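Here's a quick tour for anyone meeting this protein for the first time. Have a look at the sequence and the fold, then read on.

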Amino acid sequence: MRSGAESDRSASTGSAWTGRAWLVRAAVRAFRRAHPEVGDEVCVALSGGADSLALTAAAVTEFSAVTALVVDHGLQAGSDEVARDACRAAERLGALSRGLVVVVDPDGSGPEAAARTARYAALDAAREGRPVLLAHTLDDQAETVLLGLGRGSGARSLRGMAAWDAPWGRPLLGVRATETRAVCRALDLDWWEDPHNVDPAFTRVRLRREVLPLLEDVLGGGVAEGLARTAELLRADDDELDSLATSVPVSGDGGLDVSVLEPLPTAVLTRVLRRWLLAHGCPSPTYAHLTAIAALVTDWHGQGGVAVGGTGPAEPGVAGDRGRLVARRRHGRVVLEIDRASGAGT
């Protein structure tokens, strides 16, 4: 059920969906066919920008009910008016709309990361069990892969964003931003240009405006598509390696048997260790953590424990500083311990 009359919906159907604009609608249609579990009723995260407006318009034509969720981060003057304009645009297209006001707490992570965290939390709270479609394009995917390359983050980062990672759907990962603008022009939609998208203080902006154009020029074009294709190929490989890692047993007390770990290829071993650390209270295992713990298995010469950050799962009756989490090798097993002694672990 939509807020607009059926005639309102006609603006997003018919002859406007031709040429480059059709690529966006075709992408949404293909996404729905590939992921029937998404269902007939969806939400769209709408910022008022060209990408999310085009996605909203296409979603209205392909799903039976669409609700646009418009997040106002309050980070810029006039953001409330931008949010109201986005809601009105969604309703003209035939979608329901709902504005969400969030408070962004940087909390040491930087404004961009903090805004993203607040946005996803608000979308998750408002979706009421429905999936949420996000307007990330092929350009965004290419930038994500480049960032991963620069950080040396491995396949987990280079795999980029998934088209479907419930409850988040990204139907436009194969669509260039030029196509979303073609949709907006064809449907006579005025989009909002976020000033953060041209601010060189943000790494992504410099990648988009400086690095990618230079790579396209030097390599003769097709770089963004190539990076997105790399992400797709690595995602398949990474999924298979994760599946192998998931099958490795963990003892009832949470330890890992060295005799089971030793024969594993490095790519599987590090994934086993990462999954094990996450499950036992280490919030963000790093490359240094994983390689040092792997050495407890493959290069054991009596070395001390590896401090991995975190304090382990909460213990009843234990409050305050409970010490730090340390991985150690003991009697042929790798175990995690809470080390309360100052300076313990290595």
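Is Arg84 buried, partly exposed or exposed? With 39% relative accessibility, Arg84 falls in the partly exposed class, where buried means under 20% relative accessible area, exposed means over 50%, and partly exposed is in between (1.4 Å probe, protein chains only). Before going further, keep in mind that this is a predicted model: local features need pLDDT of at least 70, side-chain atom pairs count only at pLDDT 80 or more, and totals for chains, interfaces and linings use all residues. Residues are numbered from 1 along each chain as its sequence is written, and side-chain values use heavy atoms, with hydrogens and water left out.

**The whole protein**

- The protein has 13 helices and 10 strands; these are DSSP runs (H or I, at least four residues, for helices; E, at least two, for strands), numbered from the N terminus.
- Of the 346 residues in the protein, 44% are buried.
- Take the contacts with a separation of 6 or more: 66% of them are between residues 24 or more positions apart, a contact being heavy atoms within 4.5 Å.

**The sheet and its helix**

- Four strands make an open, antiparallel sheet, running in the order E7-E10-E9-E8; two strands pair if DSSP finds at least two bridges between them.
- At the edges sit strand E7 (256–257) and strand E8 (306–307), each pairing on one side only.
- Helix H12 (residues 266–279) packs on this sheet and touches E7 and E10. The direction of H12 makes about 30° with that of E10; axes are lines fitted to C-alpha atoms, for helices over the stretch in contact, and angles run from 0 to 180 degrees between N-to-C directions.
- Seven bridges link strand E9 (residues 324–330) to strand E10 (residues 333–339), in the antiparallel sense.
- Ala327 has Leu336, in E10, as its bridge partner.

**Salt bridges**

- Side chains of opposite charge can pair when their charged atoms come close.
- The structure holds 25 salt bridges, each a side-chain nitrogen of Lys or Arg within 4 Å of a carboxyl oxygen of Asp or Glu.
- Arg84 pairs with Glu81 in one of them, with the closest N and O atoms 2.7 Å apart. These two are three residues apart in helix H4 (residues 79–93), so about one helical turn separates them.
- Glu81 is partly exposed, at 32% relative accessible area, and it also has a salt bridge with Arg88 (2.9 Å, N to O). Arg88 is partly exposed too, at 36%.
- Arg330 and Glu337 meet in a salt bridge at 2.5 Å, N to O. Arg330 is partly exposed at 38%, and Glu337 is partly exposed at 24%.
- Shared partners join Arg156, Arg159, Asp238, Asp239, Asp242 and Arg271 into one salt-bridge network.

**A nonpolar patch**

- Leu214, Val218 and Leu219 make a nonpolar surface patch of about 330 Å². Patches are made of residues with over 30% relative accessible area and no salt bridge: like charges are joined within 9 Å, nonpolar side chains (Val, Leu, Ile, Met, Phe, Trp, Tyr) within 5 Å.
- Leu214 lies in helix H9 (residues 203–219) and counts as exposed because its relative accessibility is 53%.

Notes
Accessible areas come from the Shrake-Rupley method with a 1.4 Å probe; for residues, only the protein chains shown count as cover.
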